[in-house]
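This report examines a predicted model. It considers a helix, a strand residue and the salt bridges in turn.

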Amino acid sequence: MTLSVAQIDRETDQLVGEWLTLPQVAERLDLTIGRAKQLLKDRKLVGVRRGGGGPQVPAAFLEGKDVVKGLPGTLTLLLDAGYDDVESLRGWLFTPDESLPGSPIDAIKAGRHTEVKRRAQALGF
């Protein structure tokens, strides 16, 4: 599988807020850059291009020295539902949802990843 990275639009860039380069991801997770790239290939993380340069990952996807628990499964469900990387970020993970409350990524970080995954799974039907 090759690494495919979408170009991000201004609206999504602003919605996400803080971004990390792959070297920053590798440093935070105490990994090599090659292993950080593998996390993108394996869809454990989503990276997009912002302007020039390599892929960048939303900082909200990391917690301490780990990928946020529940995020990889949610990303897989969104892909299965037909969402591309940008749609996953803008159209779903970072868009506020009054019924959660907050955004799905906020709910995942708060430990409510099972509820978020159920919602993501329902998108495919």
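## Helix α3 and its cover

Among the elements that cover the buried residues of α3 are α2 (22–29), β4 and β6 (66–67). Helix α3 spans residues 33–41, and its buried residues are A36, L39 and L40. Viewed down the axis of α3, these buried residues fall within an arc of 100 degrees, so they line one face of the helix. After α3 comes R43, which has a positive phi near 60 degrees.

## Q56 in strand β4

Strand β4 comprises residues 55–58 and includes Q56. With a relative accessibility of 12%, Q56 counts as buried. Leaving aside residues up to four places away in sequence, Q56 touches W19, L20, T21, V46, G47, V48 and R50. With R50 there is a polar contact between the two side chains, at 2.7 Å.

## Salt bridges

The whole structure contains six salt bridges. One of them joins the side chains of D13 and R50, at 2.6 Å from N to O. Because D13 lies in helix α1 (residues 10–16) and R50 in the loop between β3 (48–49) and β4, this pair ties together parts that are 37 residues apart in sequence. D13 is partly exposed at 21% relative accessibility, and R50 is partly exposed at 27%.

A network of salt bridges links D97, R112, E115 and R119. E115 and R119 are four residues apart in helix α7 (residues 113–123), which means a separation of about one helical turn. E115 is partly exposed at 25% relative accessibility, as is R119 at 27%.

Conventions: Residues numbered from 1 in each chain as written. Predicted model: local features only at pLDDT ≥ 70, side-chain atom pairs only at ≥ 80, totals over all residues. Heavy atoms only, no water. Helix = DSSP H or I, 4+ residues; strand = E, 2+ residues; numbered from the N terminus. Buried < 20%, exposed > 50% of the residue type's maximum accessible area, 1.4 Å probe, protein only. Polar contact = N/O pair within 3.5 Å; in protein donor to acceptor, adjacent residues only side chain to side chain. Contact = heavy atoms within 4.5 Å. Arc of directions from axis to C-beta. Salt bridge = Lys/Arg side-chain N within 4 Å of Asp/Glu carboxyl O.
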